[in-house]
Amino acid sequence: MRRFFFIAIPYLWLLALFLIPFAIVLKISLSDMAMARPPYLPQFSWEDGVWSFLSQLDFENFVFLTTDNLYWKAYASSLQIAVVSTLLALLIGYPIAYAMARAPEEWRATLMLLVILPFWTSFLIRVYSWMGILSQEGYLNQLLLALGMISEPLIILNTKVAVYIGIVYTYIPFMVLPIYAALDRLDRSLIEAAEDLGCSRTQAFWLVTVPLSRNGIMAGCFLVFIPTLGEFVIPSLLGGSGTLMIGKVLWEEFFNNRDWPVAAAVAVVLTLILIIPIVLFQRNQQKQIEAES
Amino acid sequence: MPETAFAPWANPAAKPLIRFRNVTKRFGDFTAVSNLTLDIYEHEFFALLGPSGCGKTTMMRMLAGFENPSEGEIELAGQNIVPVPPNKRAVNMMFQSYALFPHLSVWDNIAFGLRRDNLPKDALKSRVEEMLKLTHLERFARRKPDQISGGQRQRVALARSLAKAPKLLLLDEPMGALDKKLRQKTQFELMDIQEKTGTTFVIVTHDQEEAMTVASRVAVMDEGELIQVATPTAIYEAPNCVYVADFIGDVNIVKGTTYSAGPERYGFRWAEGCEPMFNTSQNTFKEGQQAFLAIRPEKICITADRPEIAENAVRGKVVDIAYLGNISTYHVKIPGGQILKAQAANTHRISKRSFTWENEVWLSWEATAGVLLES
């Protein structure tokens, strides 16, 4: 009972902080834009009653999202950027986590600290710094020119490449830490057993290390994929006007157009896009567990 | 039938399967194995016995290929295997932690090594099933390692390491995680499997009883060196030094000086004003040489009165009795203050015993009962 109590409080807290705002956003997405404050109708009032309030809600804004190419293109582009960034983060993060887990015991705390260290400075400052590094007169181009590796400055800032660099840099600790946790728990004698039974080092890695760190990989991918999909700051600072991402569209609808209902509809669809794969993944896990027992 | 006894080590013409030749292994400043030479023969069940840190695990890991010797050579079937990586050696290992793959079923764990050999499907299936049968695991084939008991996991580990029919099977403390009853049962199963498959087994253990039970020969190790390599009987009955005598089983060690008392027979002065003890020995001891006499408690006879014919008889007082049910161990204080342990089978009811605490008793043993050891 006591255990239930201790779990229940934080869960209720998290649930309330997710569900109540979501309900509000959902309600706005079903409303109509209006020159009012707040800028949408209907507003709920006791005099008109619940029925008249509900009858004024409709799916107009969701229908609108399908009529303009901008939205599905932004969703598709966001998905593409999120998928590619997650894969890049995995490709770079896994070796880092692997090296950390294989490092001597006394080094691991320091290595862990180094991975977390960037969080000690503001996220915004770090993204702005990348502008200084990647711009045409930036440090990277200066270095490459000085080394004679290029004759003309590279155009990186305000392209998708800059967005990928920014996203991978920012979210890589979220990939490294869960994979490190999984690899750290891995019994080293399992690798020796695999080699003893005839595996080369590479085979042992694919047949034992990777399957046993699967949970870490999954956790890391979700932790990178979910925030990246709705990412707004990095594409708007590093991606320039050419990079279309749904987070940016949402911002523009909300602040520039002051169309709260359409912005809310964009947000609701985004949440659904995120929830569906998570639910599918959960069901898959469940099935696997059931199949095993 | 001594002619048919299995003893290839006594036959100079026999070719050893494994040869350690002046093998030294250092980890930084620490010498784990020091200039060690050892032959192990085919079909042997060879035990490496010693306290933790004596180098026995390092020996095994060098055989498996996880460590390379700093100096010296290791031969397997006449071939130097030092440059051969673990996955290319006809050697398999059963790990102390069992190291079963948690993401694979029992069946797939056993098939793991066979799959690496690209065995045809039918051959693989029949081999895995043969192994399951050998280790009585048929019913658990579909389970994952965390869904079976410790004893079953141990058998999966054994089946997996035997599946590739290695020339040599290494067992690292294979029964360390089992309780005593299961351990004894498993020891006999292991001997049975070793006989059936004819594989050469090398077992690492710190449990002397286990080594004595299963092994054809035992190597007692200490601080990276072999102290004695012999059959369990020889190790127990004729230890070559105080360390081995003390490490294997229970023993009384008496300190004294020797003098010659006939061919291969020595007198042993152990306390002022006491009758000397007599013991035979094939080694030569000089007049007045410092030595130890090691006698096993079960070889000492305890009686209320002085026995009429006894080559050695010492008077003492019972200070303690450890009653173990089938036998009792008597702690008897002899002149000079030393305590000797004597064991007697409880063939009569305890109430009929003619001596108890604080009683004067006589301890007696034959001149062949003990072993004289140099100090």
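1. Basis and numbering. In this predicted model, local features need pLDDT of at least 70 and side-chain atom pairs count only at pLDDT 80 or more, whereas totals for chains, interfaces and linings use all residues. Residues are numbered from 1 along each chain as its sequence is written, and chains are lettered from A, with ligands numbered from 1, in the order in which they are written.

2. Chain A overall. Chain A holds 14 helices and two strands, where helices (H or I, at least four residues) and strands (E, at least two) are DSSP runs numbered from the N terminus. Its radius of gyration, taken over C-alpha atoms, is 24 Å, well over the 19 Å that the globule rule (2.2 Å times the number of residues to the power 0.38) gives for 293 residues, so chain A is more spread out than a compact globule. The C-alpha trace of chain A spans about 75 × 65 × 35 Å along its principal axes. Of the 293 residues in chain A, 28% are buried, a residue being buried if 20 or more other C-beta atoms lie within 10 Å of its own, exposed if 12 or fewer, and partly exposed in between, with C-beta atoms placed from the backbone.

3. Chain B overall. Chain B has eight helices and 20 strands, and its C-alpha trace spans about 80 × 50 × 45 Å along the principal axes. Buried residues make up 37% of the 375 residues of chain B. Among contacts in chain B with a separation of 6 or more, 64% are between residues 24 or more positions apart; two residues are in contact if their C-beta atoms, placed from the backbone, lie within 7 Å.

4. Domains of chain B. The assignment for chain B gives domain 1 (8–245) and domain 2 (250–374), with bounds that come from an automatic or database domain assignment. The C-alpha centres of these two domains lie 39 Å apart, and the contact between them takes five residues from domain 1 and six residues from domain 2. On the domain 1 side there are five nonpolar, no polar and no charged residues, where Ala, Val, Leu, Ile, Met, Phe, Trp, Tyr, Cys and Pro count as nonpolar, Asp, Glu, Lys and Arg as charged, and the others, Gly among them, as polar.

5. The interface between the chains. In the model, 18 residues of chain B are in contact with 15 residues of chain A. Strand S6 (91–94) and helix H2 (106–116) of chain B each supply at least two residues of the side that touches chain A, and H2(B) gives the most, with three residues. By class, this side of chain B has nine nonpolar, five polar and four charged residues.

6. Helix H2 of chain B. The buried residues of H2(B) include Val106(B), Ile110(B), Phe112(B) and Leu114(B), and its buried residues pack against H3 and H4 of chain B. Just after H2(B), Asn118(B) takes a positive phi of about 55°.

7. Helix H3 of chain B. In H3(B), Val128(B), Met131(B) and Leu132(B) are buried. They lie on the same side of H3(B), because they cover an arc of only 100° around the axis, the arc being that of the directions from the helix axis to the C-beta atoms. The face turned away from this buried side carries the exposed residues Asp122(B), Ala123(B), Ser126(B) and Lys133(B). Cover for the buried residues of H3(B) includes H2 and helix H4 (150–162) of chain B.
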